Amino acid sequence: MNNRVVHFEIPSDNPDKSMKFFTEVFGWKFQKFGNFDYWLILTGDPSTPGIDGGLMKKIDPKQPVTNHISVENLDEMIPKIEKAGGKIVVSKTAIPGVGYYAYFTDPDGNIHGVMQDDQKAG
């Protein structure tokens, strides 16, 4: 069982401005992902500690930076989250060729993502 934070997302009203900022300040690199307003963030050398993430066009004005936790089976994890007092706020969604994700709030109202790798997702 992995259950580690493996990805983060930064929502932005102006992705180009945000990418310029993080590139200038931290040297991060960005790659457009698919036909979405979404860019993968490469934060550094993969042989050193740390995680990569994504930058997206903001969907909601209050959308926070979100960490994603890797899980083996999203269908089993969702009821476990709910039983422990969490609430699913975005249901299981496919990322074609990558896997599935969902968003939940913990008992304090913080939002998190859970993600299951599955290259057959579609």
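Over the face of which ring does Lys92 lie? Select Lys92 and Tyr100: Lys92 lies over the face of Tyr100, at 4.4 Å from the ring centre. A charge sits over a ring if NZ of Lys or CZ of Arg is within 6 Å of the ring centre and within 35 degrees of the ring normal. Select next Lys32, which lies over the face of Trp39 at 4.6 Å from the ring centre.

The model is predicted, so local features need pLDDT of at least 70 and side-chain atom pairs count only at pLDDT 80 or more, while totals for chains, interfaces and linings use all residues. Residues are numbered from 1 along each chain as its sequence is written, and side-chain values use heavy atoms, leaving out hydrogens and water.

Turn now to the aromatic rings. The structure holds eight aromatic pairs; rings of Phe, Tyr and Trp (its six-membered ring) pair if their centres lie within 6.5 Å, with planes under 30 degrees apart counting as stacked, over 60 as edge-to-face and the rest as tilted. Select Phe22 and Trp28: this pair is stacked because the ring centres are 4.9 Å apart and the planes are at 5°. Phe22 counts as buried at 15% relative accessibility, where buried means under 20% relative accessible area, exposed over 50% and partly exposed in between (1.4 Å probe, protein chains only). Trp28, at 16%, is also buried. Then select Tyr101 and Tyr103, an edge-to-face pair with 5.5 Å from centre to centre and 75° between the planes. Tyr103 is buried, its relative accessible area being 11%. Finally, select Phe8, Phe21, Phe22, Phe26 and Trp28, which ring pairs link into a cluster.
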